[in-house]
Amino acid sequence: MRILVPFLEVLQVALNLYWWVVIIWIVMTWLVQFNVINSRNELVRMIGTTLNQLVEPVLRPIRRRLPMFGAMDLSPIVLFLIILLIQRFINMAILELMRG
């Protein structure tokens, strides 16, 4: 079963990359909201669209299940907790597979 370890490690890397995509998306939305960066710029719009297409499909089901907290969107925090939980399970599985 050790053949699964590289697959699980690749999954770990993918989750870490997605974690950073979500963080970049959060920062970018704040910068656009506070007019620090201009959303009419073609490069900014392209990056924002790409990040939205990567993040929104995952956040949408979380938002449907979360109660509204006014103007605060807590769905990224829930997503981070889910990613952490999945990573913990992957780490435990890797340890069990390496033990034998």
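This is a predicted model: local features need pLDDT of at least 70, side-chain atom pairs count only at pLDDT 80 or more; totals for chains, interfaces and linings use all residues.
User: At roughly what angle do the axes of helix α1 (residues 4–33) and helix α2 (residues 42–65) cross?

Analyst: The axes of α1 and α2 come within 9 Å of each other. Angles of 65 to 115 degrees count as roughly perpendicular, and α1 is roughly perpendicular to α2. The crossing angle is roughly 110 degrees.

User: Is the crossing of α1 and α2 left-handed or right-handed?

Analyst: On the α1 side, the contact is made by Y18, V21, V22, I24, W25 and M28. The α2 side includes V44, I47, G48 and L51. The crossing of these two helices is left-handed.

User: How many nonpolar residues does the contact of α1 with α2 have?

Analyst: Among the residues of α2 that make this contact are G48, N52, E56 and R63. By class, the contact has 2 polar and 2 charged residues. The number of nonpolar residues is 13.

User: How are α2 and α3 oriented to each other, and which residues of α3 make the contact?

Analyst: The axes of α2 and α3 come within 9 Å and cross at roughly 110 degrees. The two helices are therefore roughly perpendicular to each other. From α2, the contact uses V58, L59, I62 and R63. From α3, the residues are S75, P76, V78, L79 and I82.

User: How many charged residues does the contact of α2 with α3 have?

Analyst: R63 of α2 takes part in this contact, as does S75 of α3. By class, there are 7 nonpolar residues and 1 polar residue. The number of charged residues is 1.

User: Which element gives the largest share of the largest nonpolar core?

Analyst: This core has 20 residues, of which Y18, V22, W25, V55, L59 and L79 touch the most other members. The elements that give two or more residues to the core are α1, α2 and α3 (75–99). The largest share, 9 residues, comes from α1.

User: With which residues is Y18 in contact, leaving aside its neighbours within four places in sequence?

Analyst: Y18 is among the core residues that touch the most other members. Y18 is also one of the α1 residues that make the contact with α2. Its contacts are L54, V55, V58, L79 and I83.

User: Is M28 buried or exposed, and what is its relative accessible area?

Analyst: M28 is placed in helix α1. Not counting residues up to four places away in sequence, M28 touches I37, V44, I47, G48 and L51. The C-alpha atoms of M28 and V44 are separated by 8.9 Å, although the two residues are 16 residues apart along the chain. M28 is buried, because the limit is under 20% and its relative accessible area is 13%.

User: Which residues does Q87 touch, not counting residues up to four places away in sequence?

Analyst: Q87 lies in helix α3 and counts as buried at 11% relative accessibility. Q12, found in helix α1, also counts as buried, at 11%. Q12 is in contact with Q87, I90 and N91, leaving aside its neighbours within four places in sequence. Q87 in turn touches Q12, L15 and N16.

User: Is L81 buried or exposed?

Analyst: L81 is placed in helix α3. L81 and L66 are 15 residues apart in sequence and 14 Å apart in space, C-alpha to C-alpha. Residues over 50% relative accessible area count as exposed. At 54% relative accessibility, L81 is therefore exposed.

Conventions: Residues are numbered from 1 along each chain as its sequence is written. Side-chain values use heavy atoms; hydrogens and water are left out. Axes are lines fitted to C-alpha atoms, for helices over the stretch in contact, and angles run from 0 to 180 degrees between N-to-C directions. Helices (H or I, at least four residues) and strands (E, at least two) are DSSP runs, numbered from the N terminus. Angles under 35 degrees count as roughly parallel, over 145 as roughly antiparallel, 65 to 115 as roughly perpendicular and the rest as oblique. A crossing is left-handed if the near helix is turned anticlockwise from the far one by less than a right angle, and right-handed if clockwise. Contact means heavy atoms within 4.5 Å. Ala, Val, Leu, Ile, Met, Phe, Trp, Tyr, Cys and Pro count as nonpolar, Asp, Glu, Lys and Arg as charged, and the others, Gly among them, as polar. A nonpolar core is a set of buried Ala, Val, Leu, Ile, Met, Phe, Trp, Tyr and Cys residues joined through side-chain atoms within 4.5 Å. Buried means under 20% relative accessible area, exposed over 50%, partly exposed in between (1.4 Å probe, protein chains only).
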